[in-house]
Amino acid sequence: MDVIYGVRPVVEALRGRRTVHEILDATGNWEVERLAKERGVALRRVPRDRVARLAGGVAHQGVAARAEPYPYAALEEVLAEGDAMVAVLDGITDPRNLGAVLRVADGAGASGVVIPKDRAAGVTPAAVKASAGASEHVRVARVTNLRRAIERMKEAGVWVYAAEPCGETYTEVDLSGRVAVVLGSEGRGMRRLVREGCDGVLSIPMLGAVSSLNVSVAAAVLLYEARRQRGWQST
């Protein structure tokens with residue numbers, strides 16, 4: 001069972017898809033109490049140090065929940081929308097970076113996020129916290145073979161672009177249709193086989209001394225450009 005901690009992550013878990021079994025609350029937060037009552041989830045008033053122990057000593061805001069593990073989606077679910085807009089992450093090992101990307105994906109109205117099962121962060125409690133609970137509303141597909149998943153996307157009519165320094169400027173690429181952007185880790189970048197499986201390469205111009213952006217910032221730039229090109233209506 002997962003432990004979700006922090007007011008907003010717990011609230012979004014109560015609003016989201018996964019089953020929440022119990023809330024531990026040291027604050028008397030009205031929104032947590034209301035949602036727990038609506039969903040029939042047991043809520044226990046406990047001392048703050050009890051929440052701290054359950055959360056492993058990390059920042060918890062006095063609220064934690066015990067819940068079923070994160071419900072990953074199938075790749076087909078992520079691609080089900082007619083104008084699918086997908087972020088693909090290759091080798092992102094820091095759950096905080098993953099959580100930040102999930103928050104961006106939710107805000108931009110992305111269809112979902114695709115991550116590999118091995119040598120990459122999953123949607124852990126730390127990722128949920130970093131996403132401010134946005135993880136509970138984003139479809140995340142966890143695949144065994146990222147290169148094969150990219151091939152399946154292309155077979156489904158999705159144009160797949162690698163985000164790398166040497167590519168076409170992202171504003172000059174048509175991102176208005178079914179599209180996926182692939183982002184590599186900040187340290188090692190994208191694996192060669194993954195890059196070779198993409199349809200093209202796009203880049204974000206860097207005008208300063210630093211040569212790259214944090215992966216969540218890059219995801220925000222690219223996903224919001226794709227959203228701008230297809231209009232701002234809510235998905």
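This is a predicted model: local features need pLDDT of at least 70, side-chain atom pairs count only at pLDDT 80 or more; totals for chains, interfaces and linings use all residues.
Setting aside residues up to four places away in sequence, Ala-55 touches Tyr-5 and His-60. You'll find Ala-55 in the loop that runs between helix 3 (48-54) and strand 4. Is Ala-55 buried or exposed? Its relative accessibility is 8%, so Ala-55 counts as buried.

## The whole protein

Stepping back, the secondary structure comes to nine helices and 10 strands. The C-alpha trace spans about 55 × 40 × 30 Å along its principal axes. How does that fit with the chain length? A compact globule of 235 residues would have a radius of gyration near 18 Å, and the protein has 19 Å, which agrees.

Buried residues make up 51% of the 235 residues. Now look at the contacts with a separation of 6 or more: 74% of them come from residues 24 or more positions apart.

## Surface and charge

The protein exposes about 10,900 Å², and carbon and sulfur atoms supply 49% of that area. As for charge, there are 32 positive and 28 negative side chains. The centres of those two sets lie 5 Å apart.

Which residues have the most contacts inside the largest nonpolar core? They are Ile-23, Leu-89, Val-113 and Leu-223, in a core of 49 residues. Apart from that core lies another, of 21 residues, with Ala-84, Val-158, Val-182 and Cys-198 among them.

Leaving out residues up to four places away in sequence, Leu-89 touches Leu-98, Val-101, Val-113, Val-114, Ile-115, Pro-116, Leu-146, Leu-183 and Val-215.

## Helix 1 and its neighbours

Helix 1 (residues 7-15) is mostly covered, with seven of its nine residues buried. Those buried residues are Val-7, Pro-9, Val-10, Val-11, Glu-12, Ala-13 and Leu-14. What do they pack against? The list takes in strand 1 (2-5), strand 2 (20-25), helix 2 (30-39), strand 4 (63-67) and helix 6.

Over in helix 2 sits Glu-31. Glu-31 touches Arg-8 and Val-11, not counting residues up to four places away in sequence. Glu-31 has 17% relative accessibility, and the cut-off for buried is under 20%, so Glu-31 counts as buried.

Most residues other than glycine have a negative phi. Arg-119 isn't a glycine, yet its phi is positive, at about 55 degrees. Arg-119 sits in the loop between strand 6 (112-116) and helix 6 (125-130). Because its relative accessibility is 63%, Arg-119 counts as exposed.

Ala-132 is another residue other than glycine with a positive phi, near 55 degrees. To find Ala-132, follow the chain to the loop between helix 6 and strand 7 (140-143).

Notes
Residues are numbered from 1 along each chain as its sequence is written. Side-chain values use heavy atoms; hydrogens and water are left out. Helices (H or I, at least four residues) and strands (E, at least two) are DSSP runs, numbered from the N terminus. The radius of gyration is taken over C-alpha atoms; the globule rule is 2.2 Å times the number of residues to the power 0.38. Buried means under 20% relative accessible area, exposed over 50%, partly exposed in between (1.4 Å probe, protein chains only). Contact means heavy atoms within 4.5 Å. Accessible areas come from the Shrake-Rupley method with a 1.4 Å probe; for residues, only the protein chains shown count as cover. Lys and Arg count as positive and Asp and Glu as negative; His and the chain ends are not counted. The place of a charge is taken as NZ of Lys, CZ of Arg, CG of Asp or CD of Glu. A nonpolar core is a set of buried Ala, Val, Leu, Ile, Met, Phe, Trp, Tyr and Cys residues joined through side-chain atoms within 4.5 Å.
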